[in-house]
Amino acid sequence: MRIVRSIWSVAAARRVGRSLFHLLLIAATVTCAPSQPAVTPAPESGPAVPREGIPIPDANLPRVGLDSLRPHPDLPLLGSDPQLRIGLTVGAVSVRVSSEIAVRPLGPDGTPVLGSPSALSWTIVADGGAIALVAADGWRSARIDLAGFDPPPGGTGLSVDDRPYRGRIYLLRDRTGLTAINQVGLESYLAGVVSAEMGRRDSNETEALAAQAVVSRTYAIRNLGKRHADGFDLYATVVDQVYGGMRAETPLGWNAVRETSGNILAFEGAPIDAFFFSTCGGRTADGAEVFAAAERPYLRSIRDVDASGQVYCRFSPRYHWHEEWTVDRLRTILQQSLPAASVAVPARLDNIESVRITDRTASDRVARILIGTSSGSIPVSGPAIRLVLRPAADQVLRSGTFVLSETRVAGRLSALAADGMGSGHGVGFCQWGAVGRARAGQGYRQILAAYFAAAEVRQLY
């Protein structure tokens with residue numbers, strides 16, 4: 001793949017604003033024309049569950065793209081498919097890069113590492129403040145600052161820890177270990193995102209895939225250079241978008257990417273903050289209900305039902321859900337989750353006496369709860385509620401649309417239950433709603449207009 005201008009220069013663009021005008025400073029490459037990808041079953045039949053899209057990480061509420069925009073009257077056209085750098089792993093002890101055809105590692109300046117043989121498999125390890133390459137035959141390089149691998153001519157791609165990817169692979173030394181980076185064209189990246197995000201879909205649901213392709217392309221363009229300090233643009237996980245590489249590609253996913261090639265969602269001449277999530281439960285949320293400073297004309301709550309009143313996302317396995325806690329388990333979770341969510345708590349969290357909903361948002365999501373304890377009441381507001389009422393230590397509550405019920409024995413709280421609807425933060429694009437809309441015969445532009453009413457589909461390249 002020939003690089004016209006490297007994506008590494010994106011930091012300078014970000015310093016002067018995120019508008020698409022500055023993307024002219026970034027890369028343009030010859031689009032990687034894929035061979036017919038193999039069909040790989042997704043982990044589930046449908047969009048990944050639970051799905052946060054632009055997520056709520058464990059100890060962090062999302063802060064994606066919420067700075068002020070600098071709109072331009074017209075979106076400039078890029079010459080072709082821009083390059084992205086995707087962080088596949090961060091802080092790894094070691095990384096294995098392999099190929100069906102021998103590849104030669106490259107040094108920091110892009111030239112082959114002197115004296116290094118070609119091999120089918122390389123193990124890269126941290127070596128002091130740098131890295132070292134170990135070939136399958138035991139050959140070991142001197143310490144270098146950066147290792148790169150180009151896809152071999154005639155090969156099907158490079159694999160990182162046995163997962164194949166299109167484009168180049170780079171390894172660099174980070175603070176705690178190794179970072180593996182996949183440099184890949186945006187359209188090829190999207191082919192590894194669309195079906196990873198939406199699951200394996202049927203032919204009557206292809207317009208939902210096309211809508212996801214536009215949303216994901218917009219997200220990628222809007223957030224180019226976001227992780228520049230870490231050496232890449234986006235994570236390959238729900239921290240940004242789920243990217244599964246070639247293994248996640250499907251023919252329907254590729255068709256969705258090609259059908260919408262170069263299309264993004266724009267508002268006042270700039271790419272939008274393309275929030276998305278799994279299941280709205282019948283109504284999406286206003287942006288400001290969930291994210292600070294996310295008051296956007298295109299992030300408005302909608303009632304997501306058809307003409308007969310049927311909810312579009314009713315097919316989702318998380319349309320309804322139930323969670324429950326014994327009082328002892330609830331106390332254990334709150335002891336960890338309250339401080340993690342930066343909620344002030346008494347010195348000792350003794351008896352939990354009650355958990356009550358005291359306020360709701362306009363979209364009927366829980367806006368405030370009050371946790372009554374023997375040491376006083378603890379208020380929790382906004383998205384922190386989902387971080388606090390965890391089903392388990394490594395999970396957040398599925399959505400903010402729920403009711404609580406208490407079980408009492410001899411007047412004392414013995415258990416708490418939550419019955420809810422939907423999965424995710426609820427702002428923007430509802431993935432299961434898009435599936436329902438596609439089944440109802442809506443095209444991808446109609447689907448996008450429903451969820452981002454003030455935005456428009458524009459051709460970027």
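Over the face of which residue does Arg 437 lie? Arg 437 lies over the face of Tyr 451, at 5.1 Å from the ring centre. The model is predicted, with local features needing pLDDT of at least 70 and side-chain atom pairs counting only at pLDDT 80 or more, while totals for chains, interfaces and linings use all residues. Residues are numbered from 1 along each chain as its sequence is written, and side-chain values use heavy atoms, with hydrogens and water left out.

**View 1. Arginine charges over aromatic rings.** A charge sits over a ring if NZ of Lys or CZ of Arg is within 6 Å of the ring centre and within 35 degrees of the ring normal. Besides Arg 437 over Tyr 451, Arg 439 is placed over the face of Phe 315, at 4.2 Å from the ring centre.

**View 2. An edge-to-face tryptophan pair.** The whole structure holds nine aromatic pairs (rings of Phe, Tyr and Trp, the last by its six-membered ring, with centres within 6.5 Å; planes under 30 degrees apart are stacked, over 60 edge-to-face and the rest tilted). One of them joins Trp 122 and Trp 139 edge-to-face, at 5.9 Å centre to centre and with 90° between the planes. This pair links distant parts of the chain, 17 residues apart, with Trp 122 in strand E3 (residues 119-127) and Trp 139 in the loop between strand E4 (130-135) and strand E5 (146-149); strands (E, at least two residues) and helices (H or I, at least four) are DSSP runs numbered from the N terminus. Trp 122 is buried at a relative accessible area of 0%, whereas Trp 139, at 24%, is partly exposed (buried is under 20%, exposed over 50% and partly exposed in between, for a 1.4 Å probe and protein chains only). Ring pairs link Trp 122, Trp 139 and Phe 149 into a cluster.

**View 3. The surroundings of His 425.** His 425 is found in the loop between strand E19 (412-421) and strand E20 (429-430), and its relative accessibility of 3% makes His 425 buried. A polar atom of the His 425 side chain lies 3.1 Å from the backbone oxygen of Phe 276, and the side chain of His 425 also reaches the backbone nitrogen of Val 427, at 3.0 Å.

**View 4. Helix H3 against helix H9.** The axes (lines fitted to C-alpha atoms over the stretch in contact, with angles from 0 to 180 degrees between N-to-C directions) of helix H3 (residues 206-222) and helix H9 (residues 444-451) come within 8 Å and cross at roughly 55°.

Definitions and conventions. A polar contact is a pair of N or O atoms within 3.5 Å; within protein, one must be able to donate a hydrogen and the other to accept it, and residues adjacent in sequence count only if both atoms are side-chain atoms.
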